[in-house]
Amino acid sequence: METSYTPVVIPTRTDNQLLVITHLSQLLDYITGFGGFIVPLVLWLSNKDRVMNMDEHGKSIINFQISLFIYCIISIPLIFLFGLGIITLIGIAILGFVMPIINAIKASNGESPYYPFSLPIF
């Protein structure tokens with residue numbers, strides 16, 4: 001009888017610069033419209049087993065991006081309700097711009113990320 005096992009991959013390096021780039025790549029939403037989701041997703045999936053804390057940071061970034069998208073979809077019908085949707089979209093835009101910068105600074109200091117109003121999807 002043969003026993004097979006899968007080896008546990010332990011992250012081999014600490015790369016705070018890559019974590020910072022991953023957080024700041026969310027700002028591509030303001031340039032391309034969709035790059036702020038694609039680029040962090042690719043960086044997270046390609047480095048989550050090789051860079052320490054990449055899995056934690058990547059999951060929080062993707063959760064935040066999906067949450068922002070959901071909040072934007074919800075706020076569109078609210079535009080017709082006394083303009084509440086416009087106020088909500090402005091708040092989402094401010095959060096989407098400020099929080100990646102704050103968390104990039106946290107990542108450069110080796111701290112865990114925190115994104116408010118983020119839905120725990122992953």
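Student: Let's start with phenylalanine 64: buried or exposed?

Tutor: Phenylalanine 64 is buried, at a relative accessible area of 1%. Buried means under 20% relative accessible area, exposed over 50% and partly exposed in between, with a 1.4 Å probe and protein chains only. Before we go on: this is a predicted model, where local features need pLDDT of at least 70 and side-chain atom pairs count only at pLDDT 80 or more, while totals for chains, interfaces and linings use all residues. Residues are numbered from 1 along each chain as its sequence is written, and side-chain values use heavy atoms, with hydrogens and water left out.

Student: Got it. How many aromatic pairs are there?

Tutor: The structure holds 3 aromatic pairs. Rings of Phe, Tyr and Trp (its six-membered ring) pair if their centres lie within 6.5 Å; planes under 30 degrees apart count as stacked, over 60 as edge-to-face and the rest as tilted. One of the pairs joins tyrosine 30 and phenylalanine 97, and it is edge-to-face because the planes stand at 80°, with the ring centres 5.7 Å apart.

Student: Where do those two sit in the chain?

Tutor: Tyrosine 30 is in the loop between α1 (16-24) and α2 (35-47) and phenylalanine 97 is in helix α4, so the pair ties together parts that are 67 residues apart in sequence. Their C-alpha atoms are separated by 8.5 Å. Tyrosine 30 is partly exposed at 44% relative accessible area, and phenylalanine 97 is partly exposed at 43%.

Student: And which kind of pair do phenylalanine 64 and tyrosine 115 form?

Tutor: That pair is stacked, at 4.4 Å centre to centre and 25° between the planes. Phenylalanine 64 belongs to helix α3 and tyrosine 115 to the segment after α4, so this contact ties together parts 51 residues apart in sequence. Tyrosine 115 counts as buried, with 6% relative accessibility.

Student: What lies over the face of tryptophan 44?

Tutor: Lysine 48 does, at 5.3 Å from the ring centre. A charge sits over a ring if NZ of Lys or CZ of Arg is within 6 Å of the ring centre and within 35 degrees of the ring normal.

Student: Switching topic: how many helices and strands in total?

Tutor: The chain has 4 helices and 0 strands. Helices (H or I, at least four residues) and strands (E, at least two) are DSSP runs, numbered from the N terminus.

Student: What does the overall size look like, in terms of radius of gyration?

Tutor: The protein chain has 17 Å, whereas a compact globule of 122 residues would be near 14 Å. The radius is taken over C-alpha atoms, and the globule rule is 2.2 Å times the number of residues to the power 0.38. The C-alpha trace spans about 70 × 40 × 25 Å along its principal axes, and 33% of the 122 residues count as buried.

Student: Which residues have a positive phi despite not being glycine?

Tutor: Asparagine 53 has a phi near 70°, and phenylalanine 117 has about 65°. Asparagine 53 lies in the loop between α2 and α3 and is partly exposed at 41% relative accessibility. Phenylalanine 117 is in the segment after α4 and counts as exposed, at 60%.

Student: Why does that stand out?

Tutor: Because most residues other than glycine have a negative phi.
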